[in-house]
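Me: Hi! I'm new to this one, could you walk me through it?

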Amino acid sequence: MAHPRKEIKITKPKNLEELAEKARQRSFIGSKALTETEIKEKLQKLLQSPSSDYRAIFKLTKDLSKLDKKFQRFFVDAKTLIHLGRDSIKDHTTALLELVKNSYDADAKNVDVDVFCKKESDIIRVADNGFGMTKHDLINGWLHIGFSGKRASKHSQTGRRKTGEKGIGRISADRLGGVLELITKSETDGIVGLKINWDEFDTEGKDISDIDVELFYPKSINIPNKEGKPSETGTEIRISKLRQSWTISNIENLYYELSALTPPFNEVKDFQVELKNDVAPSFSKKVNSEFFKAAEIELTAVYDGKGSDIIYTIKDKYTDKEDVQTIQWQNLLQKMQKNDSEEVSEDLRCGPVSLKLLFFLREAASVAGTDFKLSELREFLDNNAGVKIYRDNIAVKPYGFPSSQFGYDWLELAEKKAKDPAGVGRGADSYTVTPNQLIGAIFITRDGNLNLTDSAAREGLVESEAFFDIKNLALGSLKILETHRANTYQKSRESKKTSASKEAEQIQTQLFSVKEELELIKTEIESKAAKSSSPNITRSIEKSIERVEVITKKADKTISDLLNWNRVLSGLATIGISSAVFGHETEGSISLFTTATDNARLLIRNTPPDIDTAISELDKALKHSKKVAAWGAYALTRVQREKRSKKKVNIKNTIEAVVKELKPAFEASSIKLEVIGELLVSKTYQMDIESILINLLTNSYTACNQKPGIRKVAIYVDREDTKRGGKGYYFSVADTGHGIAKEFQNRIFEPLFSTKTVATGGSKSVGTGLGLTIVKSIVDDLQGEIKIDHDPELKGARFKIWLPKE
Amino acid sequence: MAKIVIVDDNKDQRGTYAIRLKQFLKELNSDIQVIDVFPFEKPSHYYGFIDAENIAAIIVDEKLHNDSQPDKLPVDYNGSDLVMFIRERYKYIPFFTLTNYPEDQVLQEKINEYDYIFSKKEFTIKQVEIIQRACQRYLIENQKELSMYNDLTRKIASGKAAGNDIEKLKALQQKLEIPVSTDLKDREEWLKEFEKQIASLEEIKSKLEKKLKK
């Protein structure tokens, strides 16, 4: 093929004209305008020239090599690099994270991440105190696209497992901004920098080797200190001409992604990131994970990769004990109630794994004793909840990432909860945690878990058998956590509860002991003062003791006022509850009273008047007006002042008086009320006895009404001493209702818990869930006990209240 | 004579409202009688009662489960349970509830089953007029259909059934809630079947005689 020949002079360009000419000549060379001999001649001249034109030499050499008749080489379009960088990175947050990951791989202890985009000179800066790069590393490594030193050496100098392998993290910088400046300082070399204008790559048909990457040698480098001292090594990347503006939510997302980049557990505590920005100043801070102190339960599981034993450690806030147990894989699967048809294996095939689960409550009590607020904890949980998989201590996306649509709840906890939304009070069998209460980490390694490989889609692992083992291990561990939570829940509730009277007693004891100690000091000082004749000291001590006495009396009065107040409130609540239940009785009487009176009026007006029927109607009206009046009296007598003080009370008489008042309502429902027992007297609060009894009778009334046939409520009163010799008495209330299901017996005293949630069948009332809570609180205050069982005779529930006899 | 029945477990209540109902019906010149009953042990017991007493309307209290009588225990159903049961057979019988709680949730859920929900506090001649009109409508409709039913059964029994008389009778049986006989045929067919059954009885008789002789 013939090509036009042209003679060209290759000299160093001096001005713009020469530059244009040179470009023209090059194009000719590019289109093979020169023969092989001509190129060689030109090349020789260039090499002999004292000022080396490296660009021209490189170009001629490249063209010369294209004349090779035996072998040819690929050449790469510059745009390819842009595609690699921009298209393989999801968004600018991920791109920035890739750069931080490089800092982690470089053994950096600290990384500064700055995002300033509000000023004219917008900039993103990532600076670390890692090991830095030599000029040789920069040219032969960093500029070598696709090369990754991480493939040759999987671990960093300090033993960190490196995070990337593909050698394309550096191109992600193009996603962030048009110009990149990298300055680095290594132990052996000085400071060296390079500058890339990514926009030059974005030209159609331009060869990658035609782009110049400028090297420069700055005098200083701005990198974070290392252990309080200026770091000897490190790398600073500055990206300008930002491609995208950052929003508050971008920064927030970046912060939480940074906090999740490394595990929030002790394993990688030596890696700290400090974020600074001018978009969301509240996120300009050290990325930290202090929130983990607020966990209610912490579970750790370790599987060493051999056999089928998994070692569990569980700690919780309530018992403050560490429970260690070994569970076999098959037993764990049984706990999860996995059936044979599901994807389960006889042995774990995933290799060594360790797992940590932290369970949180979103309650104010969770942040007690920590530095942060409840709103902060909630926000943290909203952003970080989920069970993540960490490979070599770096999170594998998308598992457990709140921003990931499918990966967040990869264990399908929300679906499980939706199917059975049972609360913790329902026990371990049906209680499940919700995904937003859980932060978990599953630790695997690239070398130890060879069966857990990356999926081709870049995010996530291949769903192999080993992956399902990991998933089942997480679910099994979760079941253990849920069981633990359900079991400790009841205990924690009980331990939290101290009755008001006990608490008052404790305060009084403490005040008394302070007074006693002061008395002792006074005596001692008096004896010393007598010798040294300094009465001033004694007088001041005496004054202090008097002050303590006054305070003690005041405290006594406040406490007794509060207890009294509590007693009145319980009594009033009891009236409210019983009125709601027996109210229809009053309502019926009122309507009957008015209708019967009106009937009488109509009957008398008839011609001839029906006097007998009219009188019978008036009798009915009178009878029902008395019923209404009795209900009024019932409410008034409940909170009488004399019932609120502690005095000798005839228990049986008190019970009979209450029964008499409630009898009409019971009789209207065909319920026979019976009091059996002997007269006994005890020093107590009459109002407390009445409140207990009314609440129990109200429940019995509802229970009886739910069953047809014979209805009866029996109250027994008798003396009963404890086995330890404590003197006391009891009264029990038994009925012919359906009784209390065993699964509810632990829960009936919880506030707002009620078995009467729907007004069905015989019962038209809905429970408030307060009656038995009041009963329990009074009995606790009186230092008594409650027992629940089935009455052998009446077949319904029987509540037995034991109280100490004073 | 057509009757209205008041069903209430409380003796005082049902007595007083029966007196009131009677009084207003009298003022409206109605000859419908009023009776009051304690709830029957089983809802099914009402079926026979409605037919036997010629009940033209039922008034129930919602709460039926509370009270008892010397010889009767509390029942385990309420007014809203009873209406569902009665409607299974008597789709058109006027059914009212008279309650202290007309806003009761369960009652409101079944509002379509009732003709009206009345409050005990507001039971005046206006309400009684509504009940009376409902009774009259029901009785007229029922009587017309019953006489037609009588005519048709007589025709079919005497072998004079023509055209679609049997189909008409079936439809009426269904409307009047009279148990439907699925093998309703004309007289001739029935006689043939009857004779066939007599023949088979004769056969059994001769077989037995033979055995006895042996």
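**A first tour**

Reply: Chain A has a mean pLDDT of 80, and 82% of its residues reach 70 or more; pLDDT is the predictor's confidence in each residue, from 0 to 100. This is a predicted model, in which local features need pLDDT of at least 70, side-chain atom pairs count only at pLDDT 80 or more, and totals for chains, interfaces and linings use all residues. Residues are numbered from 1 along each chain as its sequence is written, while chains are lettered from A and ligands numbered from 1 in the order in which they are written.

Me: Where in chain A is the pLDDT below 50?
Reply: One such stretch is residues 1-13 of chain A, which has 16 contacts in the model beyond near neighbours in sequence. Another is residues 757-764 of chain A, with 19 contacts of that kind. Two residues are in contact if their C-beta atoms, placed from the backbone, lie within 7 Å. Where pLDDT is low, the predicted coordinates should not be read in detail.

Me: And what about chain B, what is its mean pLDDT?
Reply: The mean for chain B is 87, and 94% of its residues reach 70 or more. For the complex, the predictor gives an ipTM of 0.75 and a pTM of 0.47.

Me: How many helices and strands does chain B have?
Reply: Chain B has seven helices and five strands. Starting at the N terminus, they run β-α-β-α-β-α-β-α-β-α-α-α. Chain A has 19 helices and 21 strands.

Me: Now the interface. How many residues of chain B are in contact with chain A?
Reply: There are 24 from chain B, in contact with 23 residues of chain A. Helix 1 (11-27) of chain B gives the most to chain B's side, with seven residues. By class, that side of chain B has seven nonpolar, nine polar and eight charged residues. Here Ala, Val, Leu, Ile, Met, Phe, Trp, Tyr, Cys and Pro count as nonpolar, Asp, Glu, Lys and Arg as charged, and the others, Gly among them, as polar.

Me: Which helix of chain B does helix 1 of chain B cross?
Reply: Helix 5 (residues 125-157) of chain B: the two axes come within 9 Å and cross at roughly 75 degrees. That makes helix 1 of chain B roughly perpendicular to helix 5 of chain B. Axes are lines fitted to C-alpha atoms, for helices over the stretch in contact, and angles run from 0 to 180 degrees between N-to-C directions. Angles under 35 degrees count as roughly parallel, over 145 as roughly antiparallel, 65 to 115 as roughly perpendicular and the rest as oblique.

Me: Which residues meet there?
Reply: B:Leu21, B:Phe24, B:Leu25 and B:Glu27 in helix 1 of chain B meet B:Ile125, B:Val128 and B:Gln132 in helix 5 of chain B.

Note on methods:
Helices (H or I, at least four residues) and strands (E, at least two) are DSSP runs, numbered from the N terminus.
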